[in-house]
Amino acid sequence: MGLIEDFALAVPPLIAEPAVYILELFIPDEIVIDVGKKGPVRFEGGSYLYVGSAKRGLRSRASRHLFVSERRRWHIDHIVACSSERRIWWTPYTEGGECGAAHRLSFEHEGIPGIGCSDCRCHTHLFRS
Ligand SMILES: [Zn+2]
């Protein structure tokens, strides 16, 4: 399905190298999450794709996404906590690579505005799959 074909599935033992990744997750039932200033946002049940980068290595970041952390710092942490299936696809890190990937996903998928893009100019880094 398009972009994800350019990424490899991350399976343990996870690599320590810097990576751009796509977190694929499945939300079984509708959830409502408070997204900061935007207030509550409704997420329908279904599959989602979240693009991120792990400049300090995929291993710790991927663990955080795959094994739900008690520490919930980002919106995606709350979404992950409500998901029942999670997979990570990755490709070697490039500067701004996650924004390039988000841009490409935006042509194929509906975006949920304002998620995962507080440090860049993207519309979003989260998409319905
Ligand atoms: Zn971006």
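Two strands count as paired here if DSSP finds at least two bridges between them. Helices (H or I, at least four residues) and strands (E, at least two) are simply DSSP runs, numbered from the N terminus. The model is a predicted one, so local features need pLDDT of at least 70 and side-chain atom pairs count only at pLDDT 80 or more, while totals for chains, interfaces and linings use all residues. Residue numbers start from 1 along each chain as its sequence is written.

On to the sheet. β1 and strand β6 (residues 85-92) run antiparallel and are joined by 2 bridges, with Leu 9 sitting opposite Trp 89 of β6. The open sheet as a whole has 5 strands, ordered β1-β6-β2-β5-β7, with antiparallel pairing. β1 (8-9) and β7 (126-128) are its edge strands, each pairing on one side only. Further in, β2 is joined to β5 by 9 bridges and to β6 by 8, antiparallel in both cases. Ala 19 has Ala 54 in β5 as its bridge partner, and Leu 25 stands opposite Arg 86 in β6.

Angles run from 0 to 180 degrees between N-to-C directions, using axis lines fitted to C-alpha atoms, for helices over the stretch in contact. Helix α1 (residues 58-66) packs on the sheet, where it touches β2 (19-27), β5 (46-54) and β6, and its direction makes about 160° with that of β6. Helix α3 (residues 97-108) also packs on the sheet, touching β2, β5 and β7, at about 155° to the direction of β5.

Which residues of α3 are buried? They are Glu 98, Ala 101, Ala 102 and Leu 105, where buried means that 20 or more other C-beta atoms, placed from the backbone, lie within 10 Å of the residue's own. These residues lie on the same side of α3 because they cover an arc of only 100° around the axis, the arc being that of the directions from the helix axis to the C-beta atoms. The buried residues of α3 pack against β2, β5 and β7.

Finally, the core. A nonpolar core is a set of buried Ala, Val, Leu, Ile, Met, Phe, Trp, Tyr and Cys residues joined through C-beta atoms within 7 Å. The largest one has 30 residues, of which Tyr 21 and Trp 90 touch the most other members. Its largest share, 6 residues, comes from β2. Leaving aside residues up to four places away in sequence, Trp 90 touches Phe 7, Ala 8, Ala 10, Ala 19, Val 20, Tyr 21 and Leu 58.

Notes: Two residues are in contact if their C-beta atoms, placed from the backbone, lie within 7 Å. A residue is buried if 20 or more other C-beta atoms lie within 10 Å of its own, exposed if 12 or fewer, and partly exposed in between; C-beta atoms are placed from the backbone.
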